[in-house]
Amino acid sequence: MKLTKLSAVPEADAQFGVSVMHEDNPDLNIRPAAVADAAAIIDLHFAAVHQTARSFYPPEVLDGWSTQPDEARYDQIRRAVEKGEELFVVAEDASGVIGFGSIVPTLQELRAVYVHPRAERRGVGSAILRCLEQLALDRGVLQLQMDASINAEAFYRRAGYEIIERGVHPLRSGHDMACVKMKKRLIQEIDHPHSRPAV
């Protein structure tokens, strides 16, 4: 995998972050999300939650975590992308968007990394995470924290995230979702560049 500076991307803020391309898969690219990606992001989120996490959470938690895609959810993401406080990236190949992720630099928060079930175990999630960590470093953020879903705990641990505590994440539906509070010091990526986890 190689990191290269972003070129101009229509409808996206191309001034943040890096573009990630796999040397062994030139069709895979990670770029800043555009407003036009909103529907793909929400549809992918719904598929990932309801397929990948269904053996870890009861149906009422899955439904509260990711409700059925509709225009209101699409608009929510469009507004978030336009506002720019939460930085979104999408991973795409010849079939379209197969993953996305986001960070909120002002909160030192890793907000999301999701991969479509059809693209699992191809290094897409790791590539997205690397890109988000680079975005954070570019903004002067030296640590990221998050509430990870229990199904994603192993993924983040392999990437160097440490468990702070186990807890719950309140959902808008009123249900509590079991989660793992995790963090990672990104300065280590600068001090020991060869210690990065393999994709």
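K181 counts as partly exposed, at 22% relative accessibility, where buried means under 20% relative accessible area, exposed over 50%, and partly exposed in between (1.4 Å probe, protein chains only). K181 forms a salt bridge with D147, and the closest N and O atoms are 3.1 Å apart; the term salt bridge stands for a side-chain nitrogen of Lys or Arg within 4 Å of a carboxyl oxygen of Asp or Glu. This pair links distant parts of the chain, with D147 in strand β7 (residues 143-149) and K181 in strand β9, 34 residues apart. D147 is partly exposed too, with a relative accessible area of 36%.

Before going on, a word on what you're looking at. This is a predicted model, so local features need pLDDT of at least 70 and side-chain atom pairs count only at pLDDT 80 or more, while totals for chains, interfaces and linings use all residues. Residues are numbered from 1 along each chain as its sequence is written, and side-chain values use heavy atoms, with hydrogens and water left out.

Now the overall picture. The chain has six helices and nine strands; these are DSSP runs numbered from the N terminus, helices being H or I with at least four residues and strands E with at least two. Of the 199 residues in the chain, 48% are buried. As for contacts (heavy atoms within 4.5 Å), residues 24 or more positions apart account for 56% of those with a separation of 6 or more. The accessible surface comes to about 10300 Å², and 48% of that belongs to carbon and sulfur atoms; such areas come from the Shrake-Rupley method with a 1.4 Å probe, and for residues only the protein chains shown count as cover.

Strands count as paired if DSSP finds at least two bridges between them. β9 runs antiparallel to β7, joined to it by seven bridges, and pairs in the antiparallel sense with strand β8 (residues 162-170) over eight bridges. M182 of β9 shows up in both pairings: M182 is the bridge partner of M146 and also of I163. β8 and β9 form a hairpin with five residues between them, and G174 in the turn has a positive phi of about 100°.

What does K184 meet in a salt bridge? Its side chain meets that of E133, at 3.2 Å from N to O. Again the pair links distant parts of the chain, since K184 sits in strand β9 (residues 176-185) and E133 in helix α4 (residues 124-138), 51 residues apart. Both K184 and E133 are buried.

A search of the whole structure finds twelve salt bridges. One joins R78 and D75 at 2.4 Å, N to O. Being three residues apart in helix α3 (residues 71-83), R78 and D75 are separated by about one helical turn. R78 is partly exposed, with a relative accessible area of 24%, and D75 is partly exposed at 29%. Elsewhere, R31, D37 and E92 are linked in a network of salt bridges.

D93 counts as buried, at 17% relative accessibility. Its side chain joins that of S95 in a polar contact of 2.6 Å, which is a pair of N or O atoms within 3.5 Å; within protein, one must be able to donate a hydrogen and the other to accept it, and residues adjacent in sequence count only if both atoms are side-chain atoms. Leaving aside neighbours within four places in sequence, D93 is in contact with D27, I98 and R122.

Then there's the inside. A nonpolar core is a set of buried Ala, Val, Leu, Ile, Met, Phe, Trp, Tyr and Cys residues joined through side-chain atoms within 4.5 Å. The largest has 31 residues, and those touching the most other members are I103, L110, I128, L132, L144, Y156 and Y161. Its largest share, nine residues, comes from α4. Not counting residues up to four places away in sequence, Y156 touches L110, V113, L129, M146, A148, Y161 and M182. Apart from this core lies another, of 25 residues, among them I42, L62, V90 and Y114.

Finally, two spots in the loops. Most residues other than glycine have a negative phi. Q108 is not a glycine, yet has a positive phi of about 50°; Q108 is in the loop between β5 and β6. R121, in the loop between β6 and α4, has a positive phi of about 60° and is not a glycine either. At 84% relative accessibility, R121 counts as exposed.
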